[in-house]
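The briefing below concerns one predicted model and is grouped by topic, beginning with a single residue and its surroundings.

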Amino acid sequence: MSENTEFEMPTPDPALKRLDFLVGSWKSLGATVAGPMGPATEITGEEAFEWMEGGFFLIHRWTSTFEVAGTEVADVGYEFFDYDPATGRYRTHFFNSLGPYDDAGSKYHGGFEQDAFTVTGPARIVRILNSDGTITVDSAVPIGDDQWAPMMTYTLTKIG
């Protein structure tokens, strides 16, 4: 007969708490950068970040609109953040309304560089908490080996 041991519930890695600055509901306002998607255009929307029960995953959901080639585009999506202690990196996995799921194109990884939270996958997304409580979000697309071109920038302003 095997020895009776008590099951111990896992606990979230403390590194996940660094993402607390994102938690809340936000208005987004910014613009795309002129490039392959067309001329620069305004981006508006709302975003929300909340911890999933248990604290292992931060859930990000958003709705936004912008214009591409004269057509208004609505983007709705979900993203899940977690932390891999074996690599010391944060990971994200997202799904949105702009296309079918693509395993390679839906995963990002990264971490903090000074005050900037940066994740990289098919694009690079940098989030910075500003002194006024807003968050600046910059997205860039690859244009060569470790070279990036700005794609969009917007500001998150907390609601309530």
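L16 counts as buried because its relative accessibility is 3%, where buried means under 20% relative accessible area, exposed over 50% and partly exposed in between (1.4 Å probe, protein chains only). This is a predicted model, in which local features need pLDDT of at least 70 and side-chain atom pairs count only at pLDDT 80 or more, while totals for chains, interfaces and linings use all residues. Residues are numbered from 1 along each chain as its sequence is written, and side-chain values use heavy atoms, with hydrogens and water left out.

**Surroundings of L16**
- L16 is found in the segment before strand 1 (24–32), strands being DSSP runs of E of at least two residues, numbered from the N terminus.
- Leaving aside residues up to four places away in sequence, L16 touches W51, G55, F56, D82, Y83 and Y90, a contact meaning heavy atoms within 4.5 Å.

**F56 and its loop**
- F56, one of the residues that L16 touches, lies in the loop between strand 2 and strand 3.
- F56 is partly exposed, because its relative accessible area is 31%.

**Strands**
- Strand 2 (residues 42–51) and strand 3 (residues 58–68) run antiparallel and are joined by eight bridges, pairing being assigned if DSSP finds at least two bridges between two strands.
- E47 stands opposite W62 in strand 3.
- Ten strands with antiparallel pairing form a closed barrel in the order 1-2-3-4-5-6-7-8-9-10.

Conventions:
Helix = DSSP H or I, 4+ residues; strand = E, 2+ residues; numbered from the N terminus.
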